Amino acid sequence: ADNGPSLFWIPQLPGHVKLIVSCLSDRAPEDPASQPYTALKRRGLQNFINLDALSEDEAQTLLFERWLPQARRSLNAGQAQCIRERLKSDACRQPLYLKVLFEEARLWRSDDPARTLGENVSELLDTLFKRLGDASNHGPTLECALGYLAAARRGLTEMEILEVLYQDPDYKEFLEQMTAKTGHQLPDNPKRIPIAIWSRLRFDLAPYVAEHAAPGGTVLNFYHRQVAEFVRDQFLDTPQKRQQRHERLAGYFHGQDYFLESLEEQRTRAERLPPTPRPANVRRVDELPWQRLEAAKLSGEWNVVEKLFTDLFFLEAKAEAGFVFDLAGDFTQAVSSMAAERSSHRMLKLLDEALRRDIHFIARHPTTLFQCLWNSCWWYDTPAAEDFHANPESEGPNDGFSVPPWRKPGPKLSKLLEQWRNLKDA
């Protein structure tokens with residue numbers, strides 16, 4: 001946010017202050033993930049340490065003298081020799097490779113034969129997720145859970161994962177087959193899958209996912225970039241899969257309320273002067289527009305996006321949640337991604353412009369969103385406004401501007417605002 005990757009917020013440090021920064025250096029210059037590295041280089045900093053492959057001695061010390069003893073695990077001679085042979089390759093001494101290798105090796109039993117280890121991080125992750133996705137282990141739960149996690153904007157809370165999986169029709173069919181096979185019946189009208197199913201997978205995924213703060217709650221997401229990229233390549237490898245995950249996540253968040261108060265409580269709040277922002281469902285207003293946009297980019301179906309961005313309740317909830325600047329970014333994404341020939345393109349562009357005119361005032365007074373949009377938009381194409389414009393027929397020859405934009409066919413802002421006013425009155 002706020003052009004943070006440019007690192008302008010890091011001040012010039014006094015000589016007695018040291019700052020350690022970790023960033024990516026192996027991305028293309030145009031990749032946003034490489035901006036911090038470029039910014040640091042531009043500052044002329046000299047103390048760069050490349051965190052590349054460890055030496056063989058360092059890698060063996062880390063595995064055999066640090067991690068395995070701390071986990072109270074040991075390997076037999078064949079298993080240890082297999083690992084030492086693999087560590088002769090630079091690609092197998094990358095920190096992430098060693099981490100995944102340790103997590104796998106700690107599960108080996110003393111009578112297990114030496115395993116075939118992948119020659120790089122991707123091959124080792126492939127072995128890991130094939131093991132976890134085996135029918136005797138977690139089965140379809142792995143692909144469904146990780147697919148939704150990879151399709152989320154910032155990650156998902158554990159409760160959201162349980163509820164999304166239950167609403168997935170494909171996974172629900174597997175769940176019914178599994179419960180019928182085991183004889184464990186689901187409760188009447190459940191909202192989520194049994195926690196025991198997820199807790200087993202959550203335990204096995206513990207080294208590869210991390211909790212972090214996000215708008216509206218604490219979410220799970222992948223702790224390492226390469227793990228996230230592998231999951232996307234593995235479980236969201238086709239446009240159809242990505243579209244399906246985004247649409248189902250959008251449907252899940254669409255089914256929630258925008259506000260955490262009843263309608264009566266909202267009316268009571270509105271009667272107080274000055275009105276105060278309502279407690280909004282932050283998770284919905286943060287994830288829903290992003291999911292709708294991502295699904296529309298893949299499917300080309302923009303009707304649901306147009307409906308969302310002309311929904312007064314969505315706009316007010318996002319503003320009252322404190323995300324009015326993020327809302328402006330949503331409008332920018334929608335306008336830039338949508339074909340200009342669509343009839344609603346002009347309307348969304350005008351709403352975006354009107355929002356930005358008063359955005360700092362709305363940020364300080366979020367309950368004024370509707371009034372600010374009304375003040376800027378209502379006169380744009382209402383019939384009463386024609387009395388204040390010059391007659392197009394008297395404006396000279398046809399130079400391409402004879403028909404003002406407010407007279408062109410298409411959805412009218414004034415009609416939309418009238419609908420919003422009726423909603424506000426109700």
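**View 1. The two sides of helix α20.** Exposed residues Lys-415 and Asp-425 sit on the face of α20 turned away from its buried side. Exposed means over 50% relative accessible area, buried under 20%, and partly exposed in between (1.4 Å probe, protein chains only). The model is predicted: local features need pLDDT of at least 70, side-chain atom pairs count only at pLDDT 80 or more, and totals for chains, interfaces and linings use all residues. Numbering runs from 1 along each chain as its sequence is written, and side-chain values use heavy atoms, without hydrogens and water.

**View 2. The buried side of α20.** Leu-413, Ser-414, Leu-416, Leu-417 and Trp-420 are the buried residues of α20. They cover an arc of only 155° around the axis, so they lie on the same side of α20. The arc is taken from the directions from the helix axis to the C-beta atoms. These buried residues pack against α15 (312-320), α17 (345-357) and α19 (369-381). Contact means heavy atoms within 4.5 Å.

**View 3. Helix α6 crossing helix α9.** The axes of α6 (residues 140-151) and α9 (residues 195-205) come within 11 Å and cross at roughly 75°. That makes α6 roughly perpendicular to α9 (65 to 115 degrees). From α6, Thr-141, Leu-142, Ala-145 and Leu-146 make the contact; from α9, Ile-197, Trp-198, Leu-201 and Leu-205 do.

**View 4. Helix α7 and its neighbours.** Seven of the ten residues of α7 (residues 158-167) are buried. They are Glu-160, Ile-161, Leu-162, Glu-163, Val-164, Leu-165 and Tyr-166. Their packing partners are α6, α8 (169-182), α9, β2 (217-222), α11 (239-254) and α13 (282-299).

Terms used:
Helix = DSSP H or I, 4+ residues; strand = E, 2+ residues; numbered from the N terminus. Axes fitted to C-alpha atoms, helices over the stretch in contact; angles between N-to-C directions. Parallel < 35°, antiparallel > 145°, perpendicular 65-115°, else oblique.
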